[in-house]
Amino acid sequence: MAPIPTPPAEPDHTPDDYVGLDADTAERRARGDGWTTVRSLPPGAIITMEYLAGRLNFEVDDGRVRRCWKG
């Protein structure tokens with residue numbers, strides 16, 4: 001049986017660091033902070049719930065990040 005892979009380390013920045021920023025600034029900052037995938041979503045978007053290490057999700061309303069979470 002193959003060993004279970006170890007996920008890569010995620011940046012130390014908390015998702016709350018991006019809340020309130022405009023979407024473009026938040027995405028540039030998140031990528032600069034080391035997040036490999038940044039996903040912007042409208043409020044109430046239907047998404048799958050699989051966890052992807054290194055991904056940061058933004059809920060963007062009126063051009064601003066209103067909510068942010070890992071995975």
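Me: Leaving aside its neighbours within four places in sequence, which residues is Glu59 in contact with?

Reply: The model is predicted: local features need pLDDT of at least 70, side-chain atom pairs count only at pLDDT 80 or more, and totals for chains, interfaces and linings use all residues. Glu59 has its place in strand β2, a strand being a DSSP run (E) of at least two residues and a helix one (H or I) of at least four, each numbered from the N terminus. With contact meaning heavy atoms within 4.5 Å, and leaving aside neighbours within four places in sequence, the partners of Glu59 are Leu41, Pro42, Pro43, Gly44, Arg64, Val65, Arg66, Arg67 and Trp69.

Me: Is Glu59 buried or exposed?

Reply: Residues are numbered from 1 along each chain as its sequence is written, and side-chain values use heavy atoms, with hydrogens and water left out. Buried means under 20% relative accessible area, exposed means over 50%, and partly exposed lies in between (1.4 Å probe, protein chains only). Because its relative accessible area is 17%, Glu59 counts as buried.

Me: How many of the seven residues of β2 are buried?

Reply: Glu59 belongs to β2, and this strand is largely enclosed by the rest of the structure. Of its seven residues, the number that are buried is six.

Me: Which helix and strands make up the pattern of the chain, read along the sequence?

Reply: Let's step back to the whole chain. There is one helix in the chain, along with three strands.

Me: In what order do the three strands of the open sheet stand?

Reply: Two strands pair if DSSP finds at least two bridges between them. The three strands form an open sheet with mixed pairing, and the twist from one strand to the next averages 25 degrees. The order across this open sheet is β1-β2-β3.

Me: Why is one side of β1 and of β3 left without a neighbour in the sheet?

Reply: The sheet is an open one, in the order β1-β2-β3. One side of β1 and of β3 is left without a neighbour because each of these strands stands at an edge and has a single partner strand.

Me: Over how many bridges do β1 and β2 pair?

Reply: These two strands pair in the parallel sense. Within this pairing, Thr37 stands opposite Arg55 in β2, and Arg39 stands opposite Asn57 in β2. The number of bridges over which β1 and β2 pair is five.

Me: Which strands does helix α1 touch as it packs on the sheet?

Reply: Helix α1 covers residues 23–33 and makes about 170 degrees with the direction of β2. For such angles, axes are lines fitted to C-alpha atoms (for helices over the stretch in contact), and the angles run from 0 to 180 degrees between N-to-C directions. The strands that helix α1 touches are β1, β2 and β3.

Me: How many bridges join β2 to β3?

Reply: These strands run antiparallel, and one of the pairs is Asp61 with its bridge partner Arg64 in β3. The number of bridges joining β2 to β3 is six.

Me: Which residue in the turn of the β2 and β3 hairpin has a positive phi?

Reply: The hairpin has two residues between its strands. At 70% relative accessibility it counts as exposed, and its place is in the loop between β2 and β3. The residue is Asp62.

Me: Which residues does Arg55 touch, not counting residues up to four places away in sequence?

Reply: Arg55 is found in strand β2 and, at 6% relative accessibility, counts as buried. Not counting residues up to four places away in sequence, Arg55 touches Trp35, Thr37, Arg39, Glu50, Trp69, Lys70 and Gly71.

Me: What separates the C-alpha atoms of Ala53 and Pro7?

Reply: Ala53 lies in the loop between β1 and β2 and, at 23% relative accessibility, counts as partly exposed. Among its contacts outside four places in sequence are Pro7 and Pro8. Ala53 and Pro7 are 46 residues apart along the chain, and their C-alpha atoms are separated by 6.5 Å.

Me: What does the C-alpha trace of the chain span along its principal axes?

Reply: Of the 71 residues of the chain, 28% count as buried. Along its principal axes, the C-alpha trace spans about 50 × 25 × 15 Å.
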